[in-house]
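This report goes through one protein chain, starting from single residues and ending with the chain as a whole. The sequence and the structure are shown first.

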Amino acid sequence: MHYLNLVWNTIKIATEKNIEFSDIIEQNYKNNDANLFFQNLKQEIGFNDYKCLSKYNKYIDFVYKAFENSFETTGGKRIRFFHSMYVATTAEKLSNTLQISENEKEIAILASIFHDIGKSHPIYKTKGFDGYKDFEKKHNIDHEKIGAEMIFDILKNDFSVSKIETIANTIIDKEHSEIYSKILHDADNLSELGRMEIYKSFYYNASDKQEMDTAIAYWYEITSAIKLKKIKSSQIQIAKDIMMERLQIIFDIYDQYKFVSSSNK
């Protein structure tokens, strides 16, 4: 049996018991290969790196509480918080590789921390929820615009109006015209590539009562064009390099799985 079968069964049980993402990947599993998958996933997403952003603890706590009761079929309970923290810590790492000012770095990090905060707005609960993309399209709303408006109240006692406006504009900037919006864009894209997309697609398909082969087709075959589009749209070369490495991870895992599966027939 390939270890992906064990990963699948682990995530399937987690969907049934509503186990939080952090509890899933921090368990100690009996199978060494399954353990290694989750350990590599933790390392890949820098699971605990956000704790090094101590300067922003107040805002991190705010996001944690904002998504306390959130649940998504592509990840489970509070996955949006961990996604936001991954994007923030990746933004810091990308910023450190670039020749930008401390002010620009701070804007990139704060925009990353709050880039999805709009998804915690009560409007998502009052109108009935059917997945963010479908929901927003149906009701003609935009979580980025909502979030950009929310942060004025969140940050008003700590930063000037002009700086908050810059952070808000970074969140909604679709053209990635400034360095901080380029950093946010690439950090956000990186969160969708590699083992995390295996985890998320497994969670989604297990929640939907689908079979494992459907999940594998989803993260390997169906989303290939999307992954390549994300890589092509990347703004920073080092981010593009990491994306290519993550894509290779997917290819290698898929090839290994298909080889083992065909050998067992």
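Is Glu-26 buried, partly exposed or exposed?

The model is predicted. In it, Glu-26 has a relative accessibility of 43% and counts as partly exposed, because that value falls between the 20% limit for buried and the 50% limit for exposed. Glu-26 sits in the loop that joins helix H2 (21-25) to helix H3 (32-44).

Setting aside residues up to four places away in sequence, Glu-26 touches Lys-42, Phe-47 and Asn-48. Lys-105 stands 79 residues from Glu-26 in sequence, and the C-alpha atoms of the two are 30 Å apart.

## Two residues with positive phi

Most residues other than glycine have a negative phi. Asn-18 is not a glycine, yet has a positive phi of about 55°. Asn-18 belongs to the loop between helix H1 (3-17) and H2. With 39% relative accessibility, Asn-18 is partly exposed.

Arg-78 is likewise a residue other than glycine with a positive phi, near 55°. The loop that holds Arg-78 runs between strand E2 (76-77) and H5. Arg-78 has a relative accessibility of 6% and is therefore counted as buried.

## Lys-77 in strand E2

Lys-77 is part of strand E2. Its relative accessible area is 28%, so Lys-77 is partly exposed. Beyond the neighbours within four places in sequence, the contacts of Lys-77 are Asn-18, Glu-20, Phe-21, Glu-68, Ser-70, Phe-71 and Tyr-203.

Ser-54 is 23 residues from Lys-77 along the chain, and 24 Å separate their C-alpha atoms.

Which backbone oxygen does the side chain of Thr-89 reach? It is that of Tyr-86, at 3.1 Å. Thr-89 lies in helix H5 (residues 79-97). Its relative accessible area of 3% makes Thr-89 buried. Apart from neighbours within four places in sequence, Thr-89 is in contact with Asp-49, Tyr-50 and Leu-53.

Ile-107 is found in helix H6 (residues 102-113). Ile-107 is buried, with a relative accessible area of 3%. When neighbours within four places in sequence are left aside, Ile-107 contacts Lys-163, Thr-166, Ile-167, Thr-170 and Tyr-180. Thr-126 is 19 residues from Ile-107 in sequence, with a C-alpha to C-alpha separation of 31 Å.

## Ser-234 in a loop

Ser-234 occupies the loop between helix H14 (224-232) and helix H15 (237-263). Is this residue buried or exposed? At 10% relative accessibility, Ser-234 counts as buried, because the limit for that class is under 20%.

A polar atom of the Ser-234 side chain lies 2.7 Å from the backbone oxygen of Ile-231.

## The chain as a whole

How many helices and strands does the chain have? There are 15 helices and 2 strands. The radius of gyration is 19 Å, close to the 18 Å given by the globule rule for 265 residues, so the chain is as compact as a globular protein of that length. Along the principal axes, the C-alpha atoms fill a box of roughly 65 × 45 × 35 Å.

Buried residues make up 51% of the 265 in the chain. Among contacts with a separation of 6 or more, 70% are between residues 24 or more positions apart.

## Surface and charge

The chain has an accessible surface of about 13,500 Å². Carbon and sulfur atoms account for 48% of that surface.

The side chains include 35 positive and 39 negative ones. The centres of the two sets lie 3 Å apart.

Definitions and conventions
Residues numbered from 1 in each chain as written. Predicted model: local features only at pLDDT ≥ 70, side-chain atom pairs only at ≥ 80, totals over all residues. Heavy atoms only, no water. Helix = DSSP H or I, 4+ residues; strand = E, 2+ residues; numbered from the N terminus. Buried < 20%, exposed > 50% of the residue type's maximum accessible area, 1.4 Å probe, protein only. Polar contact = N/O pair within 3.5 Å; in protein donor to acceptor, adjacent residues only side chain to side chain. Contact = heavy atoms within 4.5 Å. Rg over C-alpha atoms; globule rule 2.2 N^0.38 Å. Areas by Shrake-Rupley, 256 points an atom, 1.4 Å probe, with all protein chains shown as cover. Lys, Arg positive; Asp, Glu negative; His and termini not counted. Charge placed at Lys NZ, Arg CZ, Asp CG, Glu CD.
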